[in-house]
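Q: Hi! Could you walk me through this one while I have it open in the viewer?
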Amino acid sequence: MRGRKAADNSHFLKELSERTVMNIGIVCYPTYGGSGVVATELGKALAMEGHQVHFITYAMPFRLDGFYNNVFYHEVEMPNYPLFEFQLYTLALASKMVDVIRYEKLDILHVHYAIPHATSAYLAKQMIQKEHDIKIVTTLHGTDITLIGLEPSFLPLVKFAIEESDAVTSVSRFLREKTLTNFNIKNKEIDVIPNFIDTELYTPSLDCGLRKQYAPQGEKILMHVSNFRPVKRVSDTVRILHEVLKSVPAKLILIGDGPDRSEAERLSRELGIAEHVRFLGKQTGLPQILSAADVFLLPSQSESFGLSALEAMSCGVPVVATSSGGIPEVVVHGETGYIAEIGDTERMAKYVVDLLTNAKKHKRFSEASRQRAVEEFETKLLLPHYTALYERLLAQPQHNSVSTANDASNGLNSSAQNGYIMDFVV
Ligand code: GMT
């Protein structure tokens with residue numbers, strides 16, 4: 001399908017017929033989490049542009065919640081075998097990738113989160129090399145680089161997979177720098193393509209009834225959305241509320257679930273503020289829920305970008321967050337919210353009170369948050385960066401079966417001989 005033009009008799013707009021239609025495989029974690037959200041939204045947006053998008057995961061991505069034209073889903077089957085004490089997902093995924101590349105004639109395989117997806121992609125590429133030249137794009141999202149990827153069991157593999165990808169992107173400048181230094185990457189370009197948001201969907205909307213239900217006396221609403229993992233420091237949101245309550249009547253609404261939920265529940269009881277904290281668990285309809293908030297809290301220990309902060313900003317909600325990782329690339333201190341040191345809950349509480357007690361300032365921050373989301377992070381602005389990257393890769397010389405076969409017959413390693421891999425080292 002490489003270089004194919006959309007057929008003239010297609011239903012797409014005329015301008016689309018001039019564009020190159022690509023077959024794109026997307027691999028991600030399908031569960032609750034930012035990288036899966038970004039990957040799924042990217043796939044949906046690409047499909048809207050007329051590209052054929054094939055999701056390859058072990059479960060349906062949770063944001064793929066309906067029928068979408070040009071979107072296909074391929075489930076990775078995991079056979080159980082008593083000899084394998086640990087699941088061999090990396091291998092099963094590689095085999096499924098080969099299948100989809102071969103039969104759906106993929107041009108691009110875009111993997112989100114390096115572990116293990118980039119390794120599976122490398123393996124799949126090697127397996128199918130003689131018949132099909134697939135281009136691998138790896139997008140780095142966060143803890144694949146800053147935490148788990150640094151474990152000695154994974155570090156050499158992540159470094160290798162990054163270096164062998166045809167293109168690598170990171171979701172923030174912070175993450176690019178971390179990748180280059182943590183993995184001592186010397187000869188690989190890493191493109192920063194920030195996360196994006198559909199600002200028409202995530203838009204300030206009418207209260208969905210949440211305020212009436214949870215803040216009936218006109219209390220202010222603090223909100224946090226995450227997967228409640230330790231890096232999110234969810235308990236700090238409870239500590240912040242505890243401070244805020246000393247001067248402003250407020251409620252804390254927590255959305256999501258995960259390992260630290262019970263600790264946050266326990267802390268709210270210990271501090272005697274449980275009646276002001278509501279845990280709603282996992283929710284859909286985030287734009288409406290977020291729109292009910294006065295301030296969004298993101299007190300993370302580590303955050304390569306902070307997609308949830310962007311979602312809040314797009315709904316016109318100022319963010320009080322930590323300075324960790326890429327958050328300052330999203331939240332502008334003193335304009336769209338405030339930034340404090342990790343763990344400094346007192347300062348974050350002061351910032352929250354400042355916003356809650358100054359209506360003019362709150363309005364200004366709210367408008368600036370929305371404006372920043374629209375002007376800097378709207379999907380329509382950032383999607384072309386991905387499509388341009390794909391097109392750039394597809395325009396590069398093909399590494400096809402014929403030359404590989406010849407190279408093999410010469411007893412030479414084809415990649416090393418024709419410098420193909422080096423082509424991508426810039
Ligand atoms: O890296 C992770 O912890 C997982 C990942 C996810 O799937 O939630 O989160 C990361 O990717 C998001 C999307 O790019 C970013 O918005 C998050 O900041 C980032 N999380 C961390 O860096 C902790």
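Predicted model: local features only at pLDDT ≥ 70, side-chain atom pairs only at ≥ 80, totals over all residues.

Q: How many bridges tie strand 11 to strand 12, and which way do the two run?
A: Three bridges join strand 11 (residues 295-298) to strand 12, and the two run parallel. As a landmark, look for Phe-296, which stands opposite Val-319 of strand 12.

Q: What does the chain pass through to get from strand 11 to strand 12?
A: Helix 12 (residues 307-314). The β-α-β crossover made this way is right-handed.

Q: And what about strand 13, how is that joined to strand 12?
A: Strand 13 (residues 337-340) is parallel to strand 12, with four bridges between them. There, Thr-322 has Ala-340 of strand 13 opposite.

Q: What happens just after helix 12?
A: Gly-316 takes a positive phi there, of about 80 degrees.

Q: New topic, the ligand. Which residues are closest?
A: Gly-34, Ser-35, His-141, Thr-143 and Glu-303 are the closest, out of 16 residues that surround the ligand.

Q: What's the make-up of that shell, by residue type?
A: It has 10 polar residues, four nonpolar and two charged.

Q: Which contacts should I look at for the ligand's oxygen atoms?
A: A side-chain N or O atom of Glu-303 is 2.6 Å from a ligand oxygen. For His-141, a polar side-chain atom lies 2.7 Å from an oxygen atom of the ligand. Ser-304 uses its backbone instead, with a polar atom 2.8 Å from a ligand oxygen.

Q: How much of the ligand does the protein cover?
A: 94% of the 480 Å² of accessible area that the ligand has on its own.

Q: Last one: where does Thr-90 sit?
A: In helix 3 (residues 89-104).

Q: Why isn't Thr-90 called buried?
A: Because its relative accessible area is 25%, and buried means under 20%. Thr-90 therefore counts as partly exposed.

Note on methods:
Residues numbered from 1 in each chain as written. Heavy atoms only, no water. Pairing = 2+ DSSP bridges. Right-handed = clockwise from strand over helix to strand, strands pointing away. Near = heavy atom within 4 Å. Polar contact = N/O pair within 3.5 Å; in protein donor to acceptor, adjacent residues only side chain to side chain. Areas by Shrake-Rupley, 256 points an atom, 1.4 Å probe, with all protein chains shown as cover. Nonpolar A, V, L, I, M, F, W, Y, C, P; charged D, E, K, R; others polar. Buried < 20%, exposed > 50% of the residue type's maximum accessible area, 1.4 Å probe, protein only.
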